[in-house]
Amino acid sequence: MTMSRFLSQEAERLAPYTPGEQPTDLQYVKLNTNESPFPPSPRVIKAVTRAELLKLNLYSDPTCAALDGAVAAYYELRPENVLTGNGSDEILAFAFRAFCGQGKPVAFADITYSFYHAQTALFGLEKQIVPLREDFSLHVEDYMGFPGTIVIANPNAPTGMAVPRTDIQRLLEADPNRVVIVDEAYVDFGGESCVPMIFRYDNLLVVQTMSKSRSLAGGRVGFALGSPALIDALNRVKYSFNPYNVNRLSIAAGTAAMEDAAYFETCRGAILRNRGWLTGELEALGFTVLPSAANFVFAKSDRVSGGELYRQLKENGVLVRWFDKERIRDYVRITVGSMEQLVSFIDETAKILDAV
Ligand SMILES: *Cc1c(COP(=O)(O)O)cnc(C)c1O
């Protein structure tokens, strides 16, 4: 992006996020942005009706009552514990604005979801970057004395590694006046969710999304779960920014997706099986694969660099994610797709390794 003379000083300081490629030209085997390989639930297809489309002249429900209700019912919470948004990226922005600012800095890991950088720059927040340990594990001790808001992606991206719920609990207890945001975008694939602790700790905000485990990335539905005090704070920001933040079609789609627990379980089961297969095949090819509790694996080979593998796979029609960043340059991140996609990926990878 080039700098324009029209930019405000604030906009000059931004650090915009670079999304994974979303090509429209070729039919890639797309394993780069952790989408579900499965279509939305059949109930979602039925919920987005012609009748709903014909109501697009009317604003959506600013309270998202149906959607919040479905989320609350699934987790046995009350609607006061829920706020839904236009993807969890929007929820995270509300949270940064609500809980961080003058005298309230934010801390997060050096290797984590890079959108945290983009959003904290947008709000001009003072931040502390806390390096993960050598093996990419996160130790909550490293955050204990931090006098501000803490954000932890659990499981983490792009490593896929998870911390136990009891670790988060220690952080919550160490300072009840400090908000801990746990980004559980990938928790359905094997992490320990902090949702059961919401009633006990009013400083715990859990953020989840329907983009990965509920096949709704394009529907843009995310949600926050927490104490009424935290949810009220998020609503202050929401009603200062975009009161109708979830559109009519996404409210219908998200509600139906949340209600179809059986379909969700089927898809999740398939991803877990496929992840096991993919991990085994990569290890057989000599890759080091980090232990993943997510719908992707983070892997490196000592025969080909991460950048080279990414480029050669792309030339052969397979997209994975590569981060040209210190500490993780040797790795590629591979979304756990369908078996058909994964077989193509493994075949192409084996060919590339044979040629080096
Ligand atoms: C994908 C992702 C999100 C954002 O998802 P939305 O599509 O905006 O709901 C948030 N956090 C992490 C760690 C993610 O990987």
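A salt bridge is a side-chain nitrogen of Lys or Arg within 4 Å of a carboxyl oxygen of Asp or Glu. In this predicted model, Glu52, Lys55 and Arg248 are linked in a network of such bridges. The structure holds 15 salt bridges.

| Acidic residue | Basic residue | Closest N and O atoms |
| Glutamate 35 | Lysine 30 | 2.8 Å |
| Glutamate 80 | Arginine 78 | 3.4 Å |
| Aspartate 142 | Arginine 133 | 2.8 Å |

How exposed are these residues? Glutamate 35 has 28%, so it counts as partly exposed. Lysine 30 is partly exposed too, at 22%. In the next pair, glutamate 80 is partly exposed at 41%, and arginine 78 is partly exposed at 45%. Arginine 133 is partly exposed at 34%.

Now the charges overall. The chain has 35 positive and 42 negative side chains. The centres of the two sets lie 4 Å apart.

Next, the fold. The chain has twelve helices and twelve strands. Its radius of gyration is 20 Å, close to the 21 Å that the globule rule gives for 356 residues, so the chain is as compact as a globular protein of that length. The C-alpha atoms fill a box of roughly 55 × 50 × 50 Å along the principal axes.

What share of the 356 residues is buried? Buried residues make up 53%. The accessible surface comes to about 16400 Å², and 52% of that belongs to carbon and sulfur atoms.

Technical notes
Residues are numbered from 1 along each chain as its sequence is written. This is a predicted model: local features need pLDDT of at least 70, side-chain atom pairs count only at pLDDT 80 or more; totals for chains, interfaces and linings use all residues. Side-chain values use heavy atoms; hydrogens and water are left out. Helices (H or I, at least four residues) and strands (E, at least two) are DSSP runs, numbered from the N terminus. The radius of gyration is taken over C-alpha atoms; the globule rule is 2.2 Å times the number of residues to the power 0.38. Buried means under 20% relative accessible area, exposed over 50%, partly exposed in between (1.4 Å probe, protein chains only). Accessible areas come from the Shrake-Rupley method with a 1.4 Å probe; for residues, only the protein chains shown count as cover. Lys and Arg count as positive and Asp and Glu as negative; His and the chain ends are not counted. The place of a charge is taken as NZ of Lys, CZ of Arg, CG of Asp or CD of Glu.
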